[in-house]
Amino acid sequence: MTSSQTESFYDAVGGHETFVRLVRTFYVGVAADPELRALYPDEDLGPAEVHLRMFLEQYWGGPTTYSKQRGHPRLGMRHAAFAVTPRARDLWLAHMRTALQASGMTDEQVGQFWAYVSRAAHFLVNSADEPDNPPDLISLEETPSAPSRRRPPSR
Ligand code: HEM
């Protein structure tokens, strides 16, 4: 067996330094994006950056420090406090895409990483988008119910 058969994705992309760079770039994008930034409760994004980096390192076969420090990931539960709308997901993914493109990974590695994070991000959506034009409730109430029911046959 050659070493490449046992090499983890984590090692193949350059290990710790690559993940530090990737997640750093991602959070630089988040910090500069007022709409997404508003979801993050703390003034200091540092701890969020460390948690996401440790989580991703562990997921891709690196050190398991995340679980040792934070326990089971339970990502759905950990995001329940934040309104993750489709819009927030798309912003999050756009910053991740930018960071991945600057990460030095090959196109194939970027594709693999992207397949995972985009699936995870879609799974984490837990709220609906705010409508751009909230419906006028009064006129909605006045709308007659859909005329779809057939009349009963007359005998
Ligand atoms: C879909 C868009 C997403 C939004 C808007 C979002 C937002 C957030 C927020 C606001 C936090 C809390 C940060 C803090 O504690 O200060 C967080 C934590 C975290 N997120 Fe996300 N997230 C998203 C997607 C993802 C995805 C796709 C992953 C993993 C693949 C992920 C992994 C994590 C991890 C590991 C933490 C830290 C959990 C811990 O406390 O240990 N997130 N996220």
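**View 1. Trp-92 and its contacts.** Leaving aside residues up to four places away in sequence, Trp-92 touches Leu-36 and Ala-121 (contact: C-beta atoms, placed from the backbone, within 7 Å). The model shown is predicted; local features need pLDDT of at least 70, side-chain atom pairs count only at pLDDT 80 or more, and totals for chains, interfaces and linings use all residues. Residues are numbered from 1 along each chain as its sequence is written.

**View 2. The largest nonpolar core.** Trp-92 also belongs to the largest nonpolar core, which has nine residues, among them Phe-19, Ala-88 and Met-96. Such a core is a set of buried Ala, Val, Leu, Ile, Met, Phe, Trp, Tyr and Cys residues joined through C-beta atoms within 7 Å; buried means that 20 or more other C-beta atoms lie within 10 Å of a residue's own. Helix H3 (15-31) and helix H8 (86-101) each give two or more residues to this core (helices are DSSP runs of H or I, at least four residues, numbered from the N terminus). H3 provides the largest share, six residues.

**View 3. The buried face of H3.** The buried residues of H3 are Thr-18, Phe-19, Leu-22, Val-23, Phe-26, Tyr-27 and Val-30. Down the helix axis they fall within an arc of 155 degrees, so they line one face of H3 (the arc is that of the directions from the axis to the C-beta atoms). An α-helix has 3.6 residues a turn, so residues three or four places apart point the same way. Helix H4 (34-37), helix H5 and H8 are among what covers these buried residues.

Definitions and conventions
A residue is buried if 20 or more other C-beta atoms lie within 10 Å of its own, exposed if 12 or fewer, and partly exposed in between; C-beta atoms are placed from the backbone. Two residues are in contact if their C-beta atoms, placed from the backbone, lie within 7 Å.
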